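Trainee: Please take one part of this model and go through it closely, strand by strand. I would like the pairing first and the wider setting after that.

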Amino acid sequence: MGVHNSSIEYLLDKPTEEPWPGHDNRSERAEVSAYLPAQQWQRLESAARTAAADLLGSEPVFIVEQLPDSDWRTAWHDHFDVVRVPGDRPIVIRPPHKPYKEADGEIVIDLVPGLAFGTGQHQSTRLCLRLLSEQIRGGERVLDVGTGSGILAVAAAKLGAQSVLATDIDSLAVDAARQTARRNRLADRVNVREGSIPAGERYDLVIANLTADLLQYLATELAAALAADGRLIVSGLIETRLGEVCDTLDGAGLELLAVESEDDWRAMLFKRPAP
């Protein structure tokens, strides 16, 4: 049909996580968006409405809006502002188009938002940043699993970690994280690698901002990646999934130290007890 871009957004009454194979948590309601030239829509409108009704078995609600010409490459500027995570060592996420005067004691991260998840605007990311600022005291070896934009890996390095390995199974995220490390002049201390949890390596601190299903699936590997007395930060959890994830990580030999909350989202801090 010549559609240039399209997306599907599930409409939910409560916060939820991304679907994971075998755990279908999608809503029955969804919004499909597509963008195409006005003249093309005029030619296709009748066929599109008929096809959608045949597919769904009922008449869908169509909303047609003509958008003004714009430079969509920079449209994200309107939706991405400076984010400040308070704490003993406040962390600031600064987009390049926003002027910001750095205050004493702040950790400032320069970030250009892209296709990879992680801008500091989501509660789960802010919870991880808050725990990172409390846990890193300098010299730690850190692993960031599912790094996305690389924001947590860069934060760990700026807070004083000796070295950070950031991994992601998405090649777009790997590229984005490398760009974030370079932009913050940390490419020498933040190593970005495509993949998941490296076998046989031990870290003082592991970060996993994922989903409840992934955290349970990876629980044994996350525990094995920790050095004795190492810490694990997990996030990406809604309140209703907290108990089961906690039980799974407890079963992997980890001890719960703290739970952090923001709105309906939760993050937990575990440690691997020394022998």
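Mentor: Tyr-203 stands opposite Leu-226 in strand 10, and Leu-205 stands opposite Arg-231 in that strand. These positions belong to the pairing of strand 9 with strand 10 (residues 226-238), a parallel arrangement joined by 6 bridges. Strands here are DSSP E runs of at least two residues, helices are H or I runs of at least four, and both are numbered from the N terminus. Two strands count as paired if DSSP finds at least two bridges between them.

The model is predicted, so local features need pLDDT of at least 70 and side-chain atom pairs count only at pLDDT 80 or more, while totals for chains, interfaces and linings use all residues. Residues are numbered from 1 along each chain as its sequence is written, and side-chain values use heavy atoms, with hydrogens and water left out.

Strand 9 (residues 203-209) also pairs with strand 6 (residues 141-145), again in the parallel sense, over 4 bridges. In that pairing, Val-145 has Ala-208 of strand 9 as its bridge partner.

Strand 10 is largely enclosed by the rest of the structure, because 10 of its 13 residues are buried. Strand 10 pairs with strand 12 (residues 265-271) too, here in the antiparallel sense and over 6 bridges. Ile-233 stands opposite Leu-269 in strand 12.

Now the setting. The protein chain has 7 helices and 12 strands, and buried residues make up 43% of its 275 residues. The largest nonpolar core has 39 residues, and Ile-93 and Leu-132 touch the most other members. Such a core is a set of buried Ala, Val, Leu, Ile, Met, Phe, Trp, Tyr and Cys residues joined through side-chain atoms within 4.5 Å. Helix 3 (residues 151-159) supplies the largest share of this core, 8 residues. Another core, of 27 residues, lies apart from it, and its members include Val-206 and Leu-226.

Across the protein chain, 61% of the contacts with a separation of 6 or more are between residues 24 or more positions apart.

Conventions: Buried < 20%, exposed > 50% of the residue type's maximum accessible area, 1.4 Å probe, protein only. Contact = heavy atoms within 4.5 Å.
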